[in-house]
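Here is a short note for a colleague who is opening this structure for the first time. Please read the points with the structure in view.

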Amino acid sequence: MVSQITRGIKISVLTTFEGTYFKNHKIHFAFSYEISIENHSKDSVQLTSRHWEIFDSLNDMETVDGEGVIGKKPVLKPGETHTYNSGCLLASPFGAMRGHFNMINFSSARNFKVIVPTFKLSAPFALN
């Protein structure tokens, strides 16, 4: 698990290799990840959008931007946690992801970024 705190918001990520499958005559490596967002600040905040950089050892980096996370824009009061699960497909058994969440602080009405630390995606059978 990797974790990082930005402006009182702690992001923790746990990854799992889910398996391989064939699609369009190509093998794909499936990974899931669980992200916990903990509000350690004194203000209520809301996640408004996300930015991902997905690295695949056999492909170029892919950038993904979108509103919320899995269709939600969670509001976190001080001390609250929001956890969600998602996933990605890679062309290789090795990769990584990093990014940030755009959030708004309700007390100051200011937008800010919360860093999601780089987390590795690796199939256990491919490790030395």
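1. Terms come first. Two strands pair if DSSP finds at least two bridges between them. Strands are DSSP runs of E with at least two residues, helices are runs of H or I with at least four residues, and both are numbered from the N terminus. With that in hand, look at threonine 6: its bridge partner in β2 is isoleucine 9.

2. Basis of the note. This is a predicted model, in which local features need pLDDT of at least 70, side-chain atom pairs count only at pLDDT 80 or more, and totals for chains, interfaces and linings use all residues. Residues are numbered from 1 along each chain as its sequence is written, and side-chain values use heavy atoms, with hydrogens and water left out.

3. Overall make-up. The chain has 9 strands and 0 helices. Its C-alpha atoms fill a box of roughly 50 × 25 × 20 Å along the principal axes.

4. The open sheet. Four strands make up an open sheet in the order β1-β2-β3-β7, and the pairing is antiparallel. β1 (2–6) and β7 (81–90) are the edge strands, each pairing on one side only. From one strand to the next, the twist averages 25°. Here the axes are lines fitted to C-alpha atoms, for helices over the stretch in contact, and angles run from 0 to 180 degrees between N-to-C directions.

5. Inside that sheet. β1 and β2 (residues 9–23) run antiparallel and are joined by 5 bridges. In general, strands of a sheet pair through backbone hydrogen bonds, either parallel or antiparallel.

6. The β4, β8 and β9 strands. β4 (residues 45–56) pairs with β8 (residues 94–105) over 11 bridges, in the antiparallel sense. β8 also pairs with β9 (residues 110–122), again antiparallel and over 11 bridges. Which residue stands opposite histidine 51 in β8? It is histidine 100. Histidine 100 in turn has isoleucine 115 as its bridge partner in β9.

7. The hairpin. β8 and β9 form a hairpin with 4 residues between them. Alanine 109, in the turn, has a positive phi of about 60°.

8. Of the 128 residues, 42% count as buried. Buried means under 20% relative accessible area, exposed over 50%, and partly exposed in between, with a 1.4 Å probe and protein chains only. Among contacts (heavy atoms within 4.5 Å) between residues at least 6 apart in sequence, 64% join residues at least 24 apart.
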